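Subject: Structure handover

Dear colleague,

Please find the structure below. My notes follow it.

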Amino acid sequence: MRLSNLFMPTLREVPAEAEIPSHQLMLRAALMRKLASGIYNYLPLGLRVLRKIEEIVREEMNREGAQEILCSALLPSELWKESGRWEVFGPEMFKLLDRNGREFCLGPTHEEIFTDIIRNEVKSYKDMPLNLYQIQTKYRDERRPRFGVMRCREFTMKDAYSFDTSWEGLDESFNKMYRAYCRIFDRCGLDYKAVEADTGAMGGTGSMEFMVKSDIGEAEVVYCTSCDYAANIEKAPTFEVKVEAKEELKELQKVETPNVRTIEELVSFFNTTPQKFAKTLIYKADDKVVAVMVRGDRDVNETKVINHLKCINLELADAETVRKATGADIGFAGPIGIKVDELLIDYEVKYIENMIIGANETGYHMINANYGRDFEGTVGDFRNIAIGDKCPKCGAEITINRGIEVGHIFKLGTKYSQAMGATFVDDKGEEKPIIMGCYGIGINRTMAAVIEQNHDEKGIIWPLSIAPFHVIVVPVVMKDELQVKVAEEIYNKLNEMGVETLIDDRDERAGVKFNDADLIGIPIRITVGKKIKDGIVEFKLRNSSEVKEIKVEEVYDEVLKVFKERNVKIKSC
């Protein structure tokens, strides 16, 4: 490909809308352009990267015996109602009516559709195990699209579904996908970690997320400082730690606290620590109103609350709902006399002696409140684990880092097969539900995650395996016939070898050419300049500052050496 013909409208300035490096560079390097909020068009360079990631995914899925199909993205509501997810999936689902008033959605995921295919075609244990996958566009109506393709409304996903006759078979299918995912992300050049995760609206039991380490990641990942435990913070449990009584229980009192609402303000007002407070947050959970109590320095884990309540939607209550529940403005809620459908109390609150709580009266708090004597509720694990807490596996301290989720694998079990009647006849003639697994990879997210981990102030640094082109040949002066002649020879020979090569044949200054080569992140740059009179060219790797001067005839061996070192195969022409 010649740069003079390539549609590559690079940008010198950082777009104002782009908040993180991957979003900035995907726009600046002409990988994509915004069409609407959370919706993007991919340009030639971006599409080449996406296709390469897809091909790696295909190779590794096929290697584990999975078979590719392609389902419709327009899905009838009947299948979702069978599984019970038409309402459960929530407002992220794009719903629409056809001209006959029939309900459809734009597929956010495809468990129901794959289950429907299998229940219609598979009848015997002899037909399994099976693993079917697709690479297709998905649609989710994100409330607040941001960070480019990290949180968008239209994206490409590889979703796979395994079908087994036994739980042992599911374990084997799950492990195959685990191995495949590790190879996929290794080949994409990612620094990642597989962590325990919550299954969410997908349902099921066993669940693992593949997290790419990144400071801009939206997910918080819990790591043990001693063992190999790792989990999404939504999943990581905390445990009841019994505390022996140390204080004499004091008399409950109401104290006026005018204009004092936040924990920080209360700490200052009472001259104490956040650990002495228990805050009460009011939520709307579907058609119920619930309150959740956690220690003053803790955060409510809304995923744990959702799982306990088995609700579809959970959101902090508005001022009017809070007033009906407490009789007070926001900031003064407490458990004594609160009017809610259920009061959830985190383990830690149970053991705070003589705690400070809201009085359910604007401008007032209660001091010396104690669980069991002054209030009661449903006690459980309702908070986020925090740095310094004990590891759920070994008891050592945990730490927390941020990460980007690029893949997720579930053991669905019989959640969908039972709901939708997907059964098989076993070797004894008995009818049983098919046992399923679900395995997803965000193709666009993987692309963005690679950029987050592989960039500098000049631009993207693509791993050789997924770079839009492997090599860029740069003749410095287009008016120099010898430079152009040798550059063309190198360009043609590399392409003949199966090395995807660009030539910058534009009549531009060398600085412009070098800047563009660095911006779009081509792994190998071969510069043909004035030393070509002596048969010398410059050979530079994008991820290194070293510039080597080599003979023209050595170029091809040097390129092959890079491929070998990075364990990337050259596709035959």
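Predicted model: local features only at pLDDT ≥ 70, side-chain atom pairs only at ≥ 80, totals over all residues.

Helix pair

Helix α2 (residues 44-63) and helix α12 (residues 443-453) have axes that come within 10 Å of each other and cross at roughly 110°. Angles from 65 to 115 degrees count as roughly perpendicular, so α2 is roughly perpendicular to α12. The crossing of α2 past α12 is right-handed. On the α2 side, the contact is formed by G46, V49, L50, I53, E54 and V57; α12 contributes I443, N444, T446 and M447. By type, the residues of this contact are six nonpolar, three polar and one charged. As for the spacing along a helix, residues three or four places apart point the same way, because an α-helix has 3.6 residues a turn.

Helix α1

Six of the eight residues of helix α1 (residues 21-28) are buried, so the helix is mostly covered. The buried ones are S22, H23, L25, M26, L27 and R28. The elements that cover them include α12, the helix that also crosses α2. Among the others are strands β1 (32-36) and β2 (39-42), together with α14 (510-520). After α1 comes A30, with a positive phi near 60°.

N232

N232 is part of strand β12 (residues 230-232). Its relative accessibility is 6%, so N232 counts as buried. The N232 side chain reaches the backbone nitrogen of E234 at 2.9 Å. Beyond its neighbours within four places in sequence, N232 is in contact with V195, E196, A197, E209, M211, A219 and E220.

Backbone details

Most residues other than glycine have a negative phi, and most peptide bonds are trans. The following depart from that.

- M128 and P129 are joined by a cis peptide bond, with omega about 10°. P129 sits in the loop between α5 (111-121) and β7 (130-139).
- D286, which is not a glycine, has a positive phi of about 55°. D286 lies in the loop between β14 (278-285) and β15 (288-295), and its relative accessible area of 38% makes it partly exposed.
- N567 also has a positive phi, near 55°. N567 belongs to the segment after α15 (555-565). With a relative accessible area of 70%, N567 is exposed.

Regards

Key: Residues numbered from 1 in each chain as written. Heavy atoms only, no water. Axes fitted to C-alpha atoms, helices over the stretch in contact; angles between N-to-C directions. Helix = DSSP H or I, 4+ residues; strand = E, 2+ residues; numbered from the N terminus. Parallel < 35°, antiparallel > 145°, perpendicular 65-115°, else oblique. Left-handed = near helix turned anticlockwise from the far one by under 90°. Contact = heavy atoms within 4.5 Å. Nonpolar A, V, L, I, M, F, W, Y, C, P; charged D, E, K, R; others polar. Buried < 20%, exposed > 50% of the residue type's maximum accessible area, 1.4 Å probe, protein only. Polar contact = N/O pair within 3.5 Å; in protein donor to acceptor, adjacent residues only side chain to side chain.
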